[in-house]
Amino acid sequence: MRHDVSPELLDKLDAGKVAKLLDIPEYRITGALERRILQYIYSPRELFRFDKPVSSIEGGTAIFVEPFDIVRGFPKISRVLMLYPGIVKHFSSCEKVVVEEKMNGYNTRIAFIGDTLAALTRGGFVCPYTTEKANKLVGREFFHNHPGLMLCGEMVGPDSPYVPKSIYDIESLEFFVFDIREKVSGKPVPVMERRALVEEYGLNSVRLFGEYSVDEAHLEVTKIIKGFGSALNEGVVIKDPQMALPPVKYTSSLSNSADLRYAFEFYNDYGRDFFFPRVCREAFQSVEWDEDEESQRKRCQRLGESILQPMIKTINRKKEGERITETVQIRVRNLRTVDEFKEHLRLLGVDAIFEEPEPVGDEYLVKIRKIFKSTNDKTDSILRGELWS
Ligand code: ATP
Ligand code: MG
């Protein structure tokens, strides 16, 4: 659907200049504005964000208004389901591939806009909380020397409002770089050059497992994934050392089950989207690893339990009159960040209740209860006798 675009908005965006910098026709920019794919956001900074990809421009690309700047979206990473044929086919033009850990947190791009840091989440929103953390964890030195680059990495740890995880022995939240790219073109720096740069500035990189020849990488990846054992490390990302080809990802069955467990606790909000692709991954992994009956049985049991147990728990909680919520926490220096973060969640359409900030040292811990409306309403209505239609 096309909408009229107000002159005030057009005033904030020089479509011609943006089109030139992004190397796409100008009508693609104005068309995206009319179709509300390119959306104006006013808080905490004024910007336009691509809600979805438009020609070669990734969803999550942000165009800042004042000062004018562009931060390209982080590209989607395809998944390999069968390691051997998948790696050999995708990386046929490479001799070697690099394998890095896929950490489980949330994707963050950090860039210098004017003379301040902005931390963007995958969708192209500046997150006020992540920006406060980025100032502390990353600082400005890298950007003073490389203003045209952005750091792409995973924010990981328990004080995460989006993907809280305690599996890495992190106290609050840490940033692990997995890419350095030109912020306007999105062009990546080769893997080893990137890792050296990250080290030079005293920042953290995701773990490097090694560089392997293309036709043996599947064996190494299998070893790595099996080596995770009962730990919940998510998986690996396999990369062309030059970063000329896009990377691919591969994940462990245990982290797959953990995702399903989470999704089915809030089954009517997430269950459907999570379910099918994860079942497919399990089936292909079982075949590629040539599992015996006992291993298959364990896999089936794990998969089944990770779907049904959380859902039964949810229904029981609702039956007892509880509200289905997820509690996350943020740890801030500045109480203004809490207000900005409230506004940010409102913009994202997340229903949340903020508890009173609790002083901890020179910071404040704030618990946030996210309410899963769809799961609450659906469970309630079925318990009251409504039919599934
Ligand atoms: P996608 O849009 O790429 O499919 P998704 O939301 O489905 O993303 P994931 O399945 O988590 O996300 O896989 C891709 C994400 O993995 C990246 O966006 C990035 O945030 C994260 N990631 C963690 N570790 C790495 C790494 N070493 N290299 C690249 N990405 C990594
Ligand atoms: Mg992820």
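Here is a short tour of the chain, stop by stop.

Before you start, bear in mind that this is a predicted model, where local features need pLDDT of at least 70, side-chain atom pairs count only at pLDDT 80 or more, and totals for chains, interfaces and linings use all residues. Residues are numbered from 1 along each chain as its sequence is written, chains are lettered from A and ligands numbered from 1 in the order in which they are written, and side-chain values use heavy atoms, with hydrogens and water left out.

**The whole chain**

Show everything as a cartoon. You are looking at 13 helices and 18 strands; helices (H or I, at least four residues) and strands (E, at least two) are DSSP runs, numbered from the N terminus. The radius of gyration is 22 Å, close to the 21 Å that the globule rule gives for 389 residues, so the chain is as compact as a globular protein of that length. That radius is taken over C-alpha atoms, and the rule is 2.2 Å times the number of residues to the power 0.38. Along the principal axes, the C-alpha atoms fill a box of roughly 60 × 60 × 50 Å.

Colour by burial next: 49% of the 389 residues are buried. Here buried means under 20% relative accessible area, exposed over 50%, and partly exposed in between (1.4 Å probe, protein chains only).

**Salt bridges**

The structure holds 24 salt bridges, each a side-chain nitrogen of Lys or Arg within 4 Å of a carboxyl oxygen of Asp or Glu.

Select glutamate 100 and arginine 195, whose side chains form a salt bridge at 2.7 Å, N to O. This pair links distant parts of the chain: glutamate 100 sits in strand E6 (residues 96–102) and arginine 195 in helix H7 (residues 191–200), 95 residues apart. Both glutamate 100 and arginine 195 are buried.

Now pick arginine 331 and aspartate 159, which meet in a salt bridge at 2.5 Å, N to O. Arginine 331 is in strand E15 (residues 325–332) and aspartate 159 in the loop between strand E9 (149–156) and strand E10 (174–182), so the pair ties together parts 172 residues apart in sequence. Arginine 331 counts as buried at 13% relative accessibility, and aspartate 159 is buried at 0%.

For a local pair, go to arginine 336 and glutamate 340, bridged at 3.6 Å, N to O. Both lie in helix H12 (residues 335–348), four residues apart, about one turn of the helix. Arginine 336 is exposed at 56% relative accessibility, whereas glutamate 340 is partly exposed at 29%. To finish with the bridges, select Glu100, Arg194, Arg195 and Lys239, which are joined into one network by salt bridges that share partners.

**Helices H13 and H11**

Move to helix H13 (residues 373–383), where Thr375, Asn376, Thr379 and Ser381 are buried. The cover over the buried residues of H13 includes helix H9 (253–265), helix H10 (267–288), helix H11 (293–319) and strand E18 (363–371). After H13 comes glycine 385, with a positive phi near 100 degrees.

Last stop: arginine 299, in helix H11. Arginine 299 is buried, with a relative accessible area of 7%. What does arginine 299 contact, leaving aside its neighbours within four places in sequence? Display Ser253, Glu282, Gln285, Ser286, Trp289 and Glu291 around arginine 299.

Notes
Contact = heavy atoms within 4.5 Å.
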